[in-house]
Amino acid sequence: MKNAKSVSTPIAQPTVRFFSIVPQETHIDFMGKRYIALGLSTVLVLLGIFAFVQIWMGHAKRGIEFTGGTAVTLDFDQAVPIDQARALLAQNGFSDAQLQDIKGTNQLYIRVKLTEESEQVSARIQTLFEQSFGASNPRVISTEFIGPTIGRELRDKAIWAVIFSTIGFLAYIAFRFDFKFGVAAAIATFHDVFAVLGLSWALGMEFTLLIITALLTIAGYSLTDTVVVFDRIRENLKKHQRDPLIKIINDALNQVLSRTILTSLTTLLAVMVLYLFGGPVLRDFALVLIIGVIVGTYSSIFIASPILLMWRRRGLTSQAKG
Amino acid sequence: MRPEVLLNWGRFALVLVAIVGSLLLIFAPWQPPQERPCTIREIRLGLDLCGGVTLTLEAQIPPDTSPEGRQQIMERSISVLETRVNALGVTEPIITQAGDTRIVVQLPGTTDPEQARQLVGSTALLEFRKVVKEGPPDSTFTEELDEEVLMGYECAKPELKAKCQAYVVKKEPLMTGSVLSKAEVRFNPQPGSGVTPIYIALTFNDAGAHQWRDVILQLKPESDRIAPVLDRVVYSAPTIAKSLYDTARRQAKVDQSIITGNFTADEARLLAAILSAGALPTELKIIQESIVGPSLGRDSIEKGITASWIAGIAVLAFMVLYYRLSGLVAVFTQLLNLLVVIGVLAGLKATLTLPGIAGLILLIGVGVDSNVLIFERMREELRLGKVARAAIDAGYHRALTTIWDSHVTTLITALILFIFGTGPIRGFATTLSLGIIINLFTVLIGTRLVFEFVKMRKVERLSI
């Protein structure tokens, strides 16, 4: 932070100072650090691809929307020890039940695989807990049952949503800029989705429809960030045709740096609030958004632009459209 | 008037219409003030926020049915379900067809999953069958080819297990419930004489009354037993009283009958509702079910509203701290944005879900981006030494392309989520896409209006 005073100098003079987080005139050589960034990103993307394969093969935690089954959330007056609850379920034919404490509450989330009589599962679980933990006053506060057909359908829908978003993004960028800008932006967006997927997987998150939604939201956010940078690069390409491309990109990144940081901060502020105060249902969703905002900001500076640079060392200036 | 001034009046009028219109849509002062479940003012809440049961049903239609036949079955099923749900007094139920063979039933306020399942799940095929034998549930019967074993109503109820009986009945029904015109719950003040304290009184239509008389006359009074069987469950197995037999002999038709059983009042009401609505044309299988208790819903909505306030105040306070007076412009723009989004939600009768609230919160964070883009551009122009008015114009125009681009990209995501999302996800996509579209309006019109006002005041210095 350079100076915390608002406008105080006469406007005619070119040394206007603003309250600012980012120094007014930065000349950071972002492009010079591209190899470090590419190294880091390679690791992140590989992690993401690994996580994707794990999820695909069914080795990662997937929400019942995709697997089918029954999920029951119980609330108690006093917290019930999770291993006692697990033992109780195991003795009564639910040996494959997955249990989870909901942090900050006395609630217990129980998931059971699809069985022949899934309709009775929630009632049976409630009876079991009433018999064994009656003193803690167990109450079923929510139940979710997903049949096998729905599970398959939702999975297919999620895949189509990802495919169509990608096509939509590519088409729009190709239309507004040109094909190579489009590909660079698409790569950066894919990078973000995989990086966030990998990090969420490493955190042991359960992949639900809500998490897929968060990932797609991040794709949109990251693309917006990239577009803002690309807009500036294109503008500078027209203004400074003589400059080398690396300087044009670096200048553009520095010019939009304060916007990039500010928007990331306000978005981060909103999703942090969602994480802290939004309740247990939205916590993982908010966490994915937090990771995504950070990764998305990083990628528009360190991934999208370097790809543009490496790919279009020559000839970019003369082809600039728009 | 000069064209710019006219344009500004136009902008002013638009903003005013947006504010007043949204307030009217949200508060709907012409509506009589009445308590409705699942709504805050005119905003409809999803069942994840107000509690209730959501069921997705799949009609088991034979594959060789023609498309018109299918649609007829679906329409008939929906109307039967509606009659049943209304007869039970569920407030504001929503029953819609989803796809070719699916029906989504939303029952706000209902939390008894068993009741909901029975309400929509039972085909309600009522038959009257002749009883051959009865015995304890574990007995082995030797039934004839035209007979089968059915279990009694009590067998599925844990608390009535002791009374559970198995019945050998004729496969061919003597009569079916298609001739029923009405079913009502009755209370018997003097239990005993074979009639339970709560029973269901049936009234047959004209054809049914003739049929029923013939059925009675086929049977031996005080000896043969006839059982009302609903969806292959035996409710009771009474004999035909001598007096009823005599009545049937004297008259051409008998239009009354009763179903007795060990029901509670609630069970009887449910049963009467199902019987009155008639049988479903096909079996409906539950393929998805979601039940949210009222406490969880209340908790979610409280948390959602708290989080919205905190996020709004945090983000907007940040904008004011950072951009001073111009930050107030962002506050105005975003409040206008939120107001109009909620107004349009109310106007479209869209459903606000918990992810929808998350979408609103995200919108506050992302929405100020347009303001940031404009302000940063204005700062750049001021740094270059431009005067306030020129900086406003240049900053605004230069930021515009980027604003369009960023809105379109976010909108692509939101629309795809809307198309492919189901249930609560769709709520997120709805608020997000509405918010993005409306944000474009508030930035292009609202923010512009304020800055035009600043320009008119001949401001020398910008507080930005």
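Look at Lys182(B) in this predicted model: its bridge partner in S11(B) is Thr203(B). Zooming out a bit, strand S11 of chain B (residues 198-204) runs antiparallel to S10(B), and 7 bridges join the two.

These strands belong to an open, antiparallel sheet of 3 strands in chain B, ordered S10-S11-S14. At the edges sit S10 (180-187) and S14 (256-260) of chain B, each of which pairs on one side only. Ignoring direction, neighbouring strands in the sheet are turned by 25 degrees against each other on average.

Two helices of chain B come up against these strands. H5 lies across S11 and S14 of chain B, while H7 packs on the sheet and touches S10, S11 and S14 of chain B. Here's how they're oriented:

| Helix (chain B) | Residues | Angle to strand |
|---|---|---|
| H5 | 206-218 | about 110 degrees to S11(B) |
| H7 | 265-277 | about 170 degrees to S10(B) |

Now for the nonpolar cores. The largest one has 145 residues, and the residues with the most contacts inside it are Phe230(A), Ile233(A), Phe285(A), Phe375(B) and Leu462(B). Take Phe285(A): leaving aside residues up to four places away in sequence, Phe285(A) touches Leu210(A), Ile211(A), Thr213(A), Ala214(A) and Leu274(A), plus Ala358(B) and Phe428(B) from chain B. There's also a second, separate core of 55 residues, including Val80(B), Val120(B), Ile226(B) and Ala268(B). As a general point, nonpolar side chains in soluble globular proteins tend to be buried together.

Terms used. Residues numbered from 1 in each chain as written. Chains lettered and ligands numbered in written order. Predicted model: local features only at pLDDT ≥ 70, side-chain atom pairs only at ≥ 80, totals over all residues. Heavy atoms only, no water. Pairing = 2+ DSSP bridges. Helix = DSSP H or I, 4+ residues; strand = E, 2+ residues; numbered from the N terminus. Axes fitted to C-alpha atoms, helices over the stretch in contact; angles between N-to-C directions. Contact = heavy atoms within 4.5 Å. Core = buried A, V, L, I, M, F, W, Y, C linked by side-chain atoms within 4.5 Å. Buried < 20%, exposed > 50% of the residue type's maximum accessible area, 1.4 Å probe, protein only.
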